[in-house]
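I opened this model to look up a few points and note them here. The entries follow the order in which I checked them.

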Amino acid sequence: MENLQKLEATEKNFWKNPKPKTKNELLAIVVLNCNKAYYENQFGKTNQAVSSYEKAWQVYQKNKLSNYDITEYCLKPLGNLYTIMGDYDNAENTIKQYYFIANGEKNQSQKIAAILNLSNVYQNTGRINEAIDLIEKTIKTEKLSAVQKGNLFNNLGNNYVLSYKNPAFSKPIPDIFKKLESSYFSAIRLLQSDKTQSETLANCYRNLSALNLQWHNIELANSYFEKAKKYFFATPNLSPRKLAKFNYEEANLLFQQQKYTDASTIISSVFKTLIPNYSHQKNILPNPNSLYAETILLDALDLQAEIFVEQNQSKKALNAYSLSFQIEDLFANLLVYENSKIINQIRIRNRTEKCIAIYDFLFKKENKITYIESAFQLSERTKSG
C-alpha cells in the first residue's frame, strides 16, 4: 500500500509541472501508471486499476511512444479486467487492439493470447459459434507450441460445453459429447508434462468434473475435482480471485450433491478471501458496506441464497439476493456499452424471478400483504432497469 501511495504522489507531481514533456518522461509516466494499476488490482481497487491502465494506454497512443511492451503490461491486463467486470464491449475492443499490434510485430505468443482472450469474451457474451470458429481455425492454421495448442483445446472444450447447455445460442454440433470430452483430453495430453501449466490442467479437470456432475456421474465428478485440486494448489502465486473462484466451484459441487452445510462453509471462505474485513460469526453473509463490483462475489451470494432456499430459510435467501442486487447496481454504474448492459439485465431478471417465487411462498405461508408489495416493488424496479 505504501508503494501505491508513492506512485500516486509521483504521478500528481508529474502533471503539476507545466514544462513540456519529453518522450522519455511520457514513457516513464506510462510505466508508472501500469505499475500503479498492478498494485491497485492487487489491493482489490478494480475501478482505479482500470482507470490507471486507460491513462497509460492513452498517453502511449497519443504520443506515439515505443520501446515498451504496452501489450503485456497494459492492454492484456486491461482487457482481462474489463472481462472480469462484465464490460465485454470494452474488453473486445482492447483485445482486438493488441491482436493488431501483435500481428504487426509478428509476436506469435501475444497473438495467440489475444485469440484465447477474445474467445473468452465471445463465450461470455453468448457468441458461442464465433468462439468455436475462431479457436478451430487457429488450431488448423497457426503454427502452435504444445502449450498454446493445449490452451486452445481447453477453451474449445469450454465452448462445446456452452453449446451443449444452451443450444439456442449455437448451431447444432454433431457428436458434441465426444468432441467436448476429446478437447479436454487433448489439452491434458499436451500440457501434462509441462510444470508451468498446472493451472490450465486444473481447469480441464474442473470442467470434466462439472460435466460429469451435470450427467449425474457424481463419483467421476468428485474424482476429476480431486485431480483439479492437486494441480490447482501446485500452481504458484495464486491470486485471491482465482482461489475464490476455485472455492466457489467446490461449493457448487457440494451444493449439487445436497451437502448444504459443507457448501456454506466453503462459501464463507470465498467471502473471507475476497473481503478483507469479513468475519463469519452467526451470519455468513458479508456486511453490505464491504461489497464491490466482483462477479465471483455475485455468484457466491446467489449460491448461498439457493442453499438458504433448500434449507427452508426463505428470509435469509432474500437477504442474500438483496446483496447480489447491490453488486449488480455497482456493475450497472460501470457499464458503458449496450450489450454489456443487456447481459447485466438478464442476470437481474433471473434473480428477480427467484425472489418473487420466494415472496409468493412466504405470502401463502404467513398471509402478509407486505410480501406481495415487496414482490411488486422488485418487479417494477427490474422493469425500470
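Is C355 buried or exposed? The model is predicted, and in it I find C355 buried, with a relative accessible area of 2%.

I then checked for disulfides, and the count is zero. For C34 the nearest cysteine sulfur belongs to C74 and lies 4.3 Å away. A disulfide needs the two sulfur atoms within 2.5 Å, so C34 is in no disulfide.

**Helices α2 and α3.** I took α2 as residues 23-42 and α3 as residues 46-62. Their axes are 8 Å apart and the packing angle is about 165°. Angles over 145 degrees count as roughly antiparallel, which means that α2 is roughly antiparallel to α3. I noted the crossing of α2 past α3 as left-handed. On the α2 side the contact residues include L26, L27, V30, C34 and Y38; on the α3 side, S52, Y53, A56 and Y60 are among them. I sorted the residues of this contact by type and got 12 nonpolar, four polar and three charged.

**N67.** I located N67 in the loop between α3 and α4, the latter being residues 70-85. N67 counts as exposed, with 75% relative accessibility. Apart from neighbours within four places in sequence, N67 is in contact with L27 and Y60. I also checked N67 against Q377, which is 310 residues away along the chain. The C-alpha atoms of N67 and Q377 are separated by 56 Å.

Key: Residues are numbered from 1 along each chain as its sequence is written. This is a predicted model: local features need pLDDT of at least 70, side-chain atom pairs count only at pLDDT 80 or more; totals for chains, interfaces and linings use all residues. Side-chain values use heavy atoms; hydrogens and water are left out. Axes are lines fitted to C-alpha atoms, for helices over the stretch in contact, and angles run from 0 to 180 degrees between N-to-C directions. Helices (H or I, at least four residues) and strands (E, at least two) are DSSP runs, numbered from the N terminus. Angles under 35 degrees count as roughly parallel, over 145 as roughly antiparallel, 65 to 115 as roughly perpendicular and the rest as oblique. A crossing is left-handed if the near helix is turned anticlockwise from the far one by less than a right angle, and right-handed if clockwise. Contact means heavy atoms within 4.5 Å. Ala, Val, Leu, Ile, Met, Phe, Trp, Tyr, Cys and Pro count as nonpolar, Asp, Glu, Lys and Arg as charged, and the others, Gly among them, as polar. Buried means under 20% relative accessible area, exposed over 50%, partly exposed in between (1.4 Å probe, protein chains only).
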